[in-house]
Amino acid sequence: TGPLMLGKSAFTRYCAECHGPVGQGTDKGPTFIHRVYHPGHHGDGSFYLAAKKGARAHHWKFGDMKPVKGVTDAQLEKIVMYVRALQKANGLF
């Protein structure tokens with residue numbers, strides 16, 4: 001099991017309910033396949049901060065994001081790798 005598969009598994013467990021199974025967003029949370037989440041605008045650290053401390057609604061109208069209970073830094077590292085791979089596969093960079 002490679003890092004991307006671990007990232008996909010962790011993303012599915014902790015993120016997909018709101019951000020969609022492949023980061024396309026849902027009625028609960030925004031897509032990650034958007035220039036707002038390009039690494040030049042939201043660096044990898046923003047994903048850690050949002051997951052650990054929550055995030056104030058500032059780009060979308062989904063409301064504030066609550067901290068994600070139970071996700072570890074090691075899982076977040078793989079989640080960010082997975083999100084960046086999805087973004088690249090969708091031509092974001």
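H3 gives the most to the lining of the largest pocket, supplying 5 residues. This is a predicted model, where local features need pLDDT of at least 70, side-chain atom pairs count only at pLDDT 80 or more, and totals for chains, interfaces and linings use all residues. Residues are numbered from 1 along each chain as its sequence is written, and side-chain values use heavy atoms, without hydrogens and water.

**Largest pocket**
- The volume is about 770 Å³, taken as the space filled by probe spheres set on the grid points.
- Of the 34 lining residues, His19, Phe32, Ala50, Met65 and Lys66 are the closest to the centre.
- A pocket is an open set of points on a 1 Å grid over the protein atoms alone, where a 1.4 Å probe fits, with protein on both sides within 12 Å along at least five of seven lines; lining residues have an atom within 4 Å of a point.
- H1 (3–14), H2 (16–19), H3 (44–53) and H4 (73–89) each supply at least two lining residues; helices are DSSP runs (H or I, at least four residues), numbered from the N terminus.
- The lining holds 19 nonpolar, 9 polar and 6 charged residues.
- Ala, Val, Leu, Ile, Met, Phe, Trp, Tyr, Cys and Pro count as nonpolar, Asp, Glu, Lys and Arg as charged, and the others, Gly among them, as polar.

**H3 and H4**
- Their axes come within 10 Å and cross at roughly 130 degrees; axes are lines fitted to C-alpha atoms over the stretch in contact, with angles from 0 to 180 degrees between N-to-C directions.
- H3 and H4 are therefore oblique to each other.
- The contact (heavy atoms within 4.5 Å) includes Phe47 and Tyr48 of H3 and Leu76 and Val80 of H4.
- Its residues divide into 6 nonpolar, no polar and 5 charged.

**H1 and H4**
- The axes of H1 and H4 come within 7 Å and cross at roughly 100 degrees.
- That makes H1 roughly perpendicular to H4 (65 to 115 degrees; under 35 is roughly parallel, over 145 roughly antiparallel, the rest oblique).
- The contact of H1 with H4 has 11 nonpolar, 2 polar and 3 charged residues.
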